[in-house]
Every structure is written in C-alpha cells, then in structure tokens.
Amino acid sequence: MDYISYIRSKVGQEKIFLNFSAGILADEDGRILLQLRGDNQTWGLIGGIMELGESSVDTLIREFREETGIEVRPLRLLNIYTNFETVFPNGDVAQTTGAVYMVEATKPFNIKEFKNQETLDLQFFTQEEVEKLTIGNGQHQLILNEYFANDFKMGN
Amino acid sequence: MDYISYIRSKVGQEKVILNLAPALRDKKTWAIPGGAMELGESTLDTAKREFFEETGIQVEARRLLNVYSNFEEVYPNGDKVQTVVFIYSADLLFWAD
C-alpha cells in the first residue's frame, strides 16, 4: 500500500504532513517542462509524494519517470517549501512540505507520445508563456515565481 | 495536541514520516538543537522555536544547508519514524541567561 493510502486509512481526511519532491527540467533555450495534471486539469510541476523508505531524491527520480517517462538526476536543491495547506480534489487536507530540485535528463526522451492517468500533456514553456498559464496549485506558482526571479527565500 | 501525539493517536507505533528541523534525539547523546515540525509552521519557524526551547537562544536562520530525508529511527518508546530533516545554519540574535 502506498503511504497516502496507508496514512489516510488511519487519519481519514484530517490535515497531516505530506512530503513531496518536485523537479525543474529546462531545455537548451531555458524553457521548462510542465505537466497538465489529470486530477485538476491545470498545469503544474512534475513531482509527487514521498513513500516510506525513499529519500527525497528517490521520490524525485521515480515521479519524473512515472509522470513523464524521462530519466533524470538532480543537479542541485533549489529550495524547500514547507508551509502550504493543500486541499486535494477528494477533500483530503495536507500541509505539503517539499524539496524542489533542478534536474537534467540522463537519456534521450520523447514527450510527444507520453500520456497516462496523471499526465494529460507535457510541454516546455518560456517564462512569458508560464506567466499566462493557470497554475492550479499555489505552492507550484510560488516555486515558479522564485525560479524565474532566481530569488529563493527561506520560510515559505 | 502536538503533531506527534496526534499522529501517534491514529497510527500507534507504526512507521510514519516526521519532519524535523534540524534534528531531534532523546537518547542522552549530543545532538544538534531542533525538533519536530507542528502543523501550521514552516521549517524555518520550527528551527527557531526549537532552538529557543532547547537552548534559550534566539537565532535567525542564515541559509538552508541541506535536506536529509531517508533515515529510519526507533524512538526509546518503540515508535518508528522515517525522519526528514531540513537543516539550517543560524546566527545568534539573543542569549537569555
């Protein structure tokens, strides 16, 4: 059983901590990869919730593979974001605490064909294009703002 | 109720993920001041609060050093956790005698 199913079987929909990892992959023009999410049909970062026994880097690599088919490795930790309340589409509440990494692909990849339940579409976007998108998750929006401003603050 | 008491009331001694800033140990050994995160805090809040509670020293975090996320611990009472540690370097602001 995955960690979310396990912990939700114990606490119901109550607010708990959930740890996540997310990654930013840029192409040679500095455009960054975003995912059109299956759960809320908005664009967001690629990443997901940590399982027991994983490091945050393990989570990052696994989620990138699951959501994009791309094999990545982390280049550096960009920042942590620890004090956001997220209400999931099913009503579960969590304080999502996570680490965001800059990543690079370790193998050639093709995102055109990739689709599954979690991922409706994948595209690289410029900063100007990202500013016009609806980012469904406020925590992802803050991460993107800090990334493009290259100004990573402590305490969010 | 603090987060540890709350989550333990639900899961018993089963392994859960627990966020620490910086690192908490209760085994009469030397350790870095810090402790477990509460709901509604950022890790920066946790680091400052725990540092003050454990040392009487008010600190301002200077920078994030790293994240240590895959350590399993068994507490003296038998509770099992995977600790996720967010560690900062800090400057002294005020020392209460």
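Asp27(A) is buried, with a relative accessibility of 14%, where buried means under 20% relative accessible area, exposed means over 50%, and partly exposed lies in between (1.4 Å probe, protein chains only). This is a predicted model, in which local features need pLDDT of at least 70 and side-chain atom pairs count only at pLDDT 80 or more, while totals for chains, interfaces and linings use all residues. Residues are numbered from 1 along each chain as its sequence is written, chains are lettered from A and ligands numbered from 1 in the order in which they are written, and side-chain values use heavy atoms, leaving out hydrogens and water.

**Salt bridges**

- Asp27(A) meets Arg31(A) in a salt bridge (2.7 Å, N to O), a term for a side-chain nitrogen of Lys or Arg within 4 Å of a carboxyl oxygen of Asp or Glu, and Arg31(A) is partly exposed at 30%.
- Over all chains, the structure holds 17 salt bridges.

**Positive phi angles**

- Most residues other than glycine have a negative phi.
- Gln41(A), however, has a positive phi near 55°, and this residue is exposed, with a relative accessible area of 51%.
- Asn150(A), also not a glycine, has a positive phi of about 50°, and Asn150(A) is exposed at 59% relative accessible area.
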